[in-house]
Amino acid sequence: MSDHFPFKECEDKWRDRWETLFRCDLETAENLYYCLMMFPYPSGNLHVGHGRNYIIGDALARIKMMEGYDVLAPMGWDSFGLPAENAAIKNNIDPAEWTERNIAQMKKQFYQWGVIYDWSREIASCQPEYYKWTQYLFIQLYEAGLAYREESAVNWCPSCKTVLANEQVVGGECERCGEEVSDKKLKQWFFRITDYADRLIEDLSILENWPRRVITMQKNWIGRSEGVEIKFSVEGTGEEMGCFTTRIDTIYGVTFLAVAAEHPFAEKLLKKGGREKEGARFISRLKALQREDRTEKNKDGFFTGCYAVNPADNRRIPVFITGYVLMEYGTGLVMGVPAHDQRDFEFVREMEMDIPVIQVIKPESSDPGPLEEAYVENGIMANSGKYDGLSNLEAMERITEDFVEDGIAERTVNYKLRDWLISRQRYWGAPIPVVYCDKCGVNPVRKEELPVLLPEDVDFIPTGDGKSPLAKSESFISTECPVCGGPARRETDTMDTFVDSSWYFLRYISAHEEDKPFDPELVNRCMPVDQYIGGVEHAILHLLYSRFIVKFLYDQGDLDFREPFKNLFTQGMITRNGAKMSKSAGNVVNPRELIERFGADTVRIYTLFIGPPEKDAEWNDRAVEGAYRFVNRVWRLYSQNSSFLDGSRFETGKLDPESMNDDQVGLYSKVQKSIDKVREDLLTGGSFHFNTTISALMELTNEIYSFLLEYSPEEGVNRDLFIYALDNLVLLLSPIAPHMCEEIRERCGFNETVFSRTIPKPDEDYLRSETFTLVIQVNGKVRARVEADLDSERDELEKIALENERVREFIGERDIKKVIVVPGKLVNLVV
């Protein structure tokens with residue numbers, strides 16, 4: 001028999017047998033565990049970096065099955081959207097055909113990895129039976145007043161030729177293609193996610209098993225700020241502008257106002273100040289800049305010719321249009337406080353006008369003199385009328401109370417979060433189910449007429465004129481008004497693909513339901529998802545939108561839970577040559593070649609062993625061979641002893657550790673510690689430290705080999721102990737290297753899958769180590785480490801330290817003044 005695991009003979013057999021492994025009957029499941037991997041874009045060939053997510057999820061699902069759960073592990077495809085459409089355009093192929101081809105390829109790759117799902121629940125967001133219910137969800141939101149259409153300045157990607165949500169713009173560039181994003185005014189559809197801002201923040205507190213950084217990212221994106229809105233009157237107009245601030249304690253230091261170029265007052269101010277032409281050119285130049293350049297680098301300002309009045313002291317202050325103020329934050333108007341904001345401080349230095357810098361908060365200890373930079377710390381109020389001498393924190397509340405009472409200001413809460421822009425001027429998406437009638441206005445399609453099908457006879461190349469390719473199809477556009485029955489026009493924009501992915505986890509529960517998007521009774525019994533696994537790049541977009549939709553459906557009475565995902569795990573990225581794997585970087589590792597050379601179990605083991613799963617890790621081609629050697633070391637424990645293992649079903653006599661010798665007890669104890677380590681790493685805390693689990697199983701394998709060097713495994717207690725150790729090694733390794741473990745067990749006489757077995761529990765009496773590593777220090781510095789008995793007395797530990805040859809050489813002729821002994825830890829010799 002070969003000493004190498006014959007993976008080419010065995011792997012396909014086990015993959016075929018596992019086809020129904022995760023088929024879960026939700027009607028009868030008594031101990032359900034919903035284990036969900038984020039469904040992928042069907043982009044084509046997956047590389048080993050993608051594999052980390054799916055292999056972690058598969059190994060977890062298998063070990064949960066061995067823990068006694070009825071595991072629900074479905075998979076589907078986030079198959080609408082820009083990635084598929086752009087690839088289809090590049091390859092001159094219909095997006096539907098391209099998507100279907102890629103789905104088939106990716107399913108094949110899952111199969112090669114030994115990654116198993118319940119394919120009976122497979123969904124694809126581009127299929128009419130799915131997007132019918134995405135459209136239904138839109139209508140529910142519309143009827144609840146949470147879907148609306150308005151003209152607004154939006155992010156426009158000239159390369160993708162479509163609108164992007166704020167969340168899809170990174171550093172002023174399209175997150176998909178990297179093209180610079182510009183502003184464009186279009187009529188667009190939005191979801192009123194801002195109505196749920198407070199609840200989206202408050203309910204983060206119940207997500208105890210989410211990564212802290214994801215919680216922080218969502219809080220920061222929503223950006224809730226409590227403050228006041230102050231009214232500034234504009235000279236000579238009789239009009240007032242509202243300005244939100246969280247720093248009303250600096251109001252007496254306001255020496256100018258900064259207005260966003262997009263502010264509705266901007267043009268009025270320029271007209272009133274007689275500076276329309278020059279101002280229009282300045283605004284045009286600002287809008288051409290990337291958002292990042294405007295807010296972080298640009299200190300330009302344009303004086304409107306108008307003045308406002310500071311309501312605190314009736315001082316006349318100039319009003320500027322500036323690049324660093326954006327309309328989507330606050331009210332689009334910012335108080336200029338150069339003494340206490342570094343950006344404002346630098347701004348007034350750039351301006352030709354003489355703008356005063358009035359310090360209204362000073363340090364308690366001393367007067368710092370003229371400011372060289374903005375003072376941004378807390379301190380004592382100055383130059384602030386009756387509030388002088390108060391701490392600025394106390395003054396903040398006093399000024400607020402007085403200004404509110406005088407009608408100058410009102411308390412308010414501001415959010416960075418903006419409503420979710422869902423319109424896309426592209427073909428490959430779910431059509432927005434809305435009809436426009438000259439007589440009846442805007443109305444949703446009747447629910448019983450869904451789905452509004454995506455036409456197949458459309459040239460899907462984007463037009464670039466702000467219109468969807470669907471606008472070119474008269475057969476699609478022309479329809480009847482659902483109210484009066486007269487001629488009407490369909491909406492030609494499609495929905496953002498994040499709408500599709502905001503509810504897919506509900507559809508899996510009743511994937512073939514024809515009369516409703518999901519079965520509420522069944523969904524409420526099966527959810528929330530017990531474990532969700534995916535990349536941290538989805539922390540803001542997908543996860544936030546999914547939370548919003550679940551809260552909406554909760555309000556509708558369809559769901560009885562407020563959060564979709566109980567536990568969230570975000571795996572780290574696998575890099576190569578220090579960079580994220582990508583075709584453009586030329587550093588992609590194709591798993592197929594590795595699987596053909598080493599087998600799927602080797603690839604799975606190395607992928608899980610590469611480092612802590614929540615952290616980024618560097619791929620090392622040569623290190624894969626180490627995983628291959630480990631696979632074959634485990635296999636040889638079976639193959640070299642197959643004469644008595646074949647057909648044995650790992651049956652042994654009763655093991656009595658009390659009657660064993662020290663070597664036998666050592667192996668028995670190592671098995672217990674390995675069991676305990678695996679349970680700690682994989683079954684508690686949601687850390688999924690497969691890397692340390694594999695390390696522990698490598699140590700157990702070494703311990704078995706060391707035992708076999710001294711003892712024959714063919715008879716008596718040695719035989720029983722060897723079989724016991726091998727049985728547990730195979731059980732503990734099976735979620736990670738399932739093909740080999742199933743093959744070993746079958747050859748040993750088992751007919752049932754290893755995943756019908758239960759993860760063993762350790763013998764607690766043999767978990768305690770008999771020895772510990774004693775650290776020996778000289779003058780507080782480590783000079784030696786030795787093994788010592790755990791029950792050693794103080795004088796024994798002192799003797800071990802004094803007799804250690806390396807320590808004696810270091811001390812030489814010097815006198816020992818003091819010996820410090822910490823039992824179970826260290827001995828420190830003071831010389």
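Reply: Happy to! Two strands pair if DSSP finds at least two bridges between them. A strand is a DSSP run of E with at least two residues, a helix is a run of H or I with at least four, and both kinds are numbered from the N terminus. What you see is a predicted model, in which local features need pLDDT of at least 70 and side-chain atom pairs count only at pLDDT 80 or more, while totals for chains, interfaces and linings use all residues. Residues are numbered from 1 along each chain as its sequence is written, and side-chain values use heavy atoms, with hydrogens and water left out.

Let's begin with an open sheet of four strands, in the order S30-S29-S32-S31, where the pairing is mixed. At its edges are S30 (781–789) and S31 (818–822); each has a single partner strand, so one side of each is left without a neighbour in the sheet. From one strand to the next, the twist averages 20°; angles run from 0 to 180 degrees between N-to-C directions, and axes are lines fitted to C-alpha atoms, for helices over the stretch in contact. Helix H26 (residues 794–803) packs on this sheet and touches S29, S30, S31 and strand S32 (826–830). Contact here means heavy atoms within 4.5 Å. The direction of H26 makes about 60° with that of S29.

Now zoom in on S29 (residues 771–778) and S30: they run antiparallel and are joined by eight bridges.

S26 (residues 574–576) pairs with S27 in the antiparallel sense over two bridges, and Arg576 stands opposite Ala579 in S27.

Next, look at S10 (residues 256–260). Five of its five residues are buried, so this strand is largely enclosed by the rest of the structure. Buried means under 20% relative accessible area, exposed means over 50%, and partly exposed lies in between (1.4 Å probe, protein chains only). Both faces of S10 are covered, with Phe256, Ala258 and Ala260 buried on one side and Leu257 and Val259 buried on the other. S10 is joined by four bridges to S13 (residues 333–336), running antiparallel, and by four bridges to S12 (residues 315–322), in the parallel sense. Ala258 takes part in both pairings: it stands opposite Val334 in S13, and its bridge partner in S12 is Phe320.

Helices pack too. H19 (residues 600–609) and H23 (residues 690–710) meet at an angle of about 115°, with their axes 7 Å apart. On the H19 side, the contact is made by Ile605, Leu608 and Phe609; on the H23 side, by Phe690, Asn691, Ile694, Ser695 and Met698.

Finally, the cysteines. A disulfide is a pair of cysteine sulfur atoms within 2.5 Å, and by this rule the count is zero. The sulfur of Cys35 is 12 Å from the closest cysteine sulfur, in Cys24, which is too far for a bond. Cys437 is in no disulfide either, and the nearest cysteine sulfur, that of Cys481, is 3.8 Å away. Cys35 is buried, at a relative accessible area of 0%, and Cys437 is buried at 8%.
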